[in-house]
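Let's take a walk through this fold together. Keep the viewer open as you read, and turn the model whenever a new element comes up.

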Amino acid sequence: MHKFGFIIHPIEYEDVSRKFKIMNKLPRRFVEGFTRMLPPLKVSEITGVKSKYAETEGYFVAVPLISNQMMSLPEDYVMKKIIKAGKIAENLGAEIVGLGALTSVVGDAGFTVAKNLNIAVTTGNSYTIATAIEGTKKAAELMGKDIRDSEVVVIGATGSIGKVCAEILSREAKYMTLVARNKQKLEDFSRYLLEKTGMAARVTSDVKEALKSADIVVTVTSAVDTIIKPEYLKPGAVVCDVARPRDVSKEVADARDDVLVIEGGVVEVPGDVDFHFNFGFPPKTSYACMAETMILAMEGRIENYSLGRDLTVEQVDTIAKLAKKHGFKLGGFRSFERAVSEETIENVRKNAARRLKGNRFSTAEISHLKIFRAINQLIYIV
């Protein structure tokens, strides 16, 4: 049996109290000072991960830095903490370690960590993309949308992850808008997509304009600040935010109860899994990046995977097939690092329907929109 490790960190101040109960009674300034001084540590053992082909066990190892510290403290300081956490996993007997949350974002997305460990490393990004796309399509379906007849927008479309997302989505989508800052790169990728998949996508650098008519949005930029504001989205929009740091402002969740924002899928883990730690998900479920680490261990693929920022469609397809083989599957959604209930989705759908009721297109407007789509496709084909 191959063992794995998975490196986590507290997303928000409140998460520190999951391990240290007294922290929820102390001022944030004290909590921040405490986490900065605390060394990486083993949090729990993970048991019971089992498919009909293989089984695995592992460990949670924590870098006790909150999200804002991960991004604001000197990169070298944070990287040393991550490497030390990896060494703990290695000493516990793990043969592969996964980088969770912002530990996969700092620096060069895993390469430096891998160079400093004697075990394999993955960011989990390939399965994160696979479940994000699967989750987006499922969420759209629950919101009454069919991806084959929806306005799909990919923001950050010229980045490595954005390109992969756009190419996979183009297998089913008919109408797509690609958004990025560099117009030339957009044009180049649009031509590539047309030749590779037949998708004649619109291109623009204007996020606000692109989102006006968007039904389904996948956003994965490298922006430091959020780029999607509450007023940009139309009622009923489904937004999947794959970016870290987030592209979608927290204000969207607070101000728009008629828009569904997800950050990817909650994954059901096969077997009688026990994480021996509450990280805010329903029992026997995990993040996709955690699941990728388990899948690779179960498959015996003790190799670096999903490192760096140049992922491929083939990597995503491969890990998705291995996940299916071992019984990993989509078990729900998450939003702002928390699980999303079916009741929440139903309320969003109802709120969107109410707001759209008084703002429907006329028959003529719908016809004009369809003509506009057709003209755009002809332009890019020519």
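First, some ground rules: the model is predicted, so local features need pLDDT of at least 70 and side-chain atom pairs count only at pLDDT 80 or more, while totals for chains, interfaces and linings use all residues. Residues are numbered from 1 along each chain as its sequence is written, and side-chain values use heavy atoms, with hydrogens and water left out.

Start with the open sheet, where six strands follow the order 5-4-1-3-2-13 with mixed pairing. Strands here are DSSP runs of E with at least two residues, helices are runs of H or I with at least four, and both are numbered from the N terminus; two strands pair if DSSP finds at least two bridges between them. At the edges you will find strand 5 (120–122) and strand 13 (271–274), each pairing on one side only. On average, neighbouring strands of the sheet are turned by 20° against each other, direction ignored. For such angles, axes are lines fitted to C-alpha atoms, for helices over the stretch in contact, and the angles between N-to-C directions run from 0 to 180 degrees.

Now look at individual pairs. Strand 1 (residues 4–8) runs parallel to strand 4 (residues 96–99), with four bridges between them, and F6 stands opposite G98 of strand 4. Strand 2 and strand 3 are antiparallel and joined by seven bridges; a hairpin of four residues links them. Within this pair, K42 has V61 in strand 3 as its bridge partner. Strand 2 also pairs with strand 13, in the antiparallel sense over two bridges, and there V49 faces G271.

Helix 10 (residues 288–299) lies across strand 1, strand 2, strand 3, strand 4 and strand 5, at about 165° to strand 1.

Next, find H9 in the loop between strand 1 and helix 1 (28–37). H9 counts as buried because its relative accessibility is 7%; buried means under 20% relative accessible area, exposed over 50% and partly exposed in between, with a 1.4 Å probe and protein chains only. What lies beside its side chain? A polar atom there is 3.2 Å from the backbone oxygen of L65, and one is 3.1 Å from the backbone nitrogen of L102.

That brings us to L102, in the loop between strand 4 and helix 4 (111–115). L102 is also buried, at 7% relative accessibility. Beyond residues up to four places away in sequence, L102 touches H9, S67, M70, M71 and R244.

Finally, visit helix 12 (residues 342–357), whose 16 residues reach 23 Å from first C-alpha to last, close to the 22 Å expected at 1.5 Å a residue; that expected span is 1.5 Å times one less than the number of residues. Which of its residues are buried? They are I345, V348, N351 and A352. Seen down the axis, these buried residues fall within an arc of 130°, so they line one face of helix 12; the arc is that of the directions from the helix axis to the C-beta atoms. Their cover includes helix 5 (125–142), strand 11 (260–262), strand 15 (329–335) and strand 16 (338–340). On the other side of helix 12, E342, E343, R354 and K357 are exposed.

Conventions
Contact means heavy atoms within 4.5 Å. A polar contact is a pair of N or O atoms within 3.5 Å; within protein, one must be able to donate a hydrogen and the other to accept it, and residues adjacent in sequence count only if both atoms are side-chain atoms.
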